[in-house]
Amino acid sequence: MPVLSPLLKNENRTMEDGCYNTIDDLREEGIEELAIYTVADRPVDYVGDRNKAEATLPKNLVFRPSKALPNVKGVFALGGIPQGTCFGPFVGEVYHVTEVNHVTNKKYFWRVYKNEGEYHYIDGYDVKRANWMRYVNPAFRVSEQNLIACQVDGAIYFYTTKSIQPNQELLVWYCKGYAQRMQAEVEINNGIRKCTLEVYEQI
């Protein structure tokens, strides 16, 4: 089992209560108060040449070939994970926007906003500096999404939006506010998301 710590800031109203009809109802403001658990990364004292990102995987998760995307690794639940569980923060190297150009590999980039137009990047590319969250794949199929990505206090967290069953893959998409700050345009056709190149910074 993972390290679970109850979040007691708001004991009367949580995501598990079912007081939100859709994922779009969830907002970054106060979302940490709606979570019921936070799952800590597995502690890693010394990395050396090891893959730190893989070593930080919580005990109730496992790496397997992704079912959502071809030829990539995914993260799966070994046991049930309740709705309202918080994972994070996302860990990686920090870059100012001036350190990044158009040829930079942005596959594992996440933007962290200081205000509406000012931001820096957290890059999960280097497995010696990142954590396991770099392996969570995007939910292109709306029906498969079970995590929502939010920025809270200058960091990126993933929250479960539904109960995750054993052997189910963890799949994430942006919360509405974060996507709006990125100016990401997303089209949904037959339940499948198609997005602008801007969104592909993370995928």
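In this predicted model, the charged end of Lys73 sits over the ring of Phe63, 5.2 Å from its centre, where sitting over a ring requires NZ of Lys or CZ of Arg within 6 Å of the ring centre and within 35 degrees of the ring normal. The charged end of Arg134 likewise sits over the ring of Tyr108, 4.0 Å from its centre. Local features need pLDDT of at least 70 and side-chain atom pairs count only at pLDDT 80 or more, while totals for chains, interfaces and linings use all residues. Residues are numbered from 1 along each chain as its sequence is written, and side-chain values use heavy atoms, with hydrogens and water left out.

- Leaving aside residues up to four places away in sequence, Leu170 touches residues including Leu61, Val75, Phe87, Trp132 and Leu147, a contact being heavy atoms within 4.5 Å.

- Strand 10 is largely enclosed by the rest of the structure, because six of its six residues are buried, that is, under 20% relative accessible area, with over 50% counted as exposed and values in between as partly exposed (1.4 Å probe, protein chains only).
- Leu147, Ala149 and Gln151 lie on one side of strand 10, and Ile148, Cys150 and Val152 on the other.
- Strand 10 pairs with strand 11 in the antiparallel sense over six bridges, pairing being defined by at least two DSSP bridges, whereas three bridges join strand 10 to strand 12 in parallel.
- Leu147 has bridge partners in both neighbours, namely Thr160 in strand 11 and Val172 in strand 12.

**Aromatic pairs**

- The structure holds 15 aromatic pairs, counted for rings of Phe, Tyr and Trp (its six-membered ring) with centres within 6.5 Å, and called stacked for planes under 30 degrees apart, edge-to-face over 60 and tilted for the rest.
- Phe87 and Trp132 form an edge-to-face pair, 5.4 Å centre to centre with 85° between the planes, and this pair links parts of the chain 45 residues apart.
- Phe87 and Trp132 are both buried.
- The pair of Phe109 and Tyr121 is tilted, because the ring centres are 4.8 Å apart and the planes are at 45°.

Key. Helix = DSSP H or I, 4+ residues; strand = E, 2+ residues; numbered from the N terminus.
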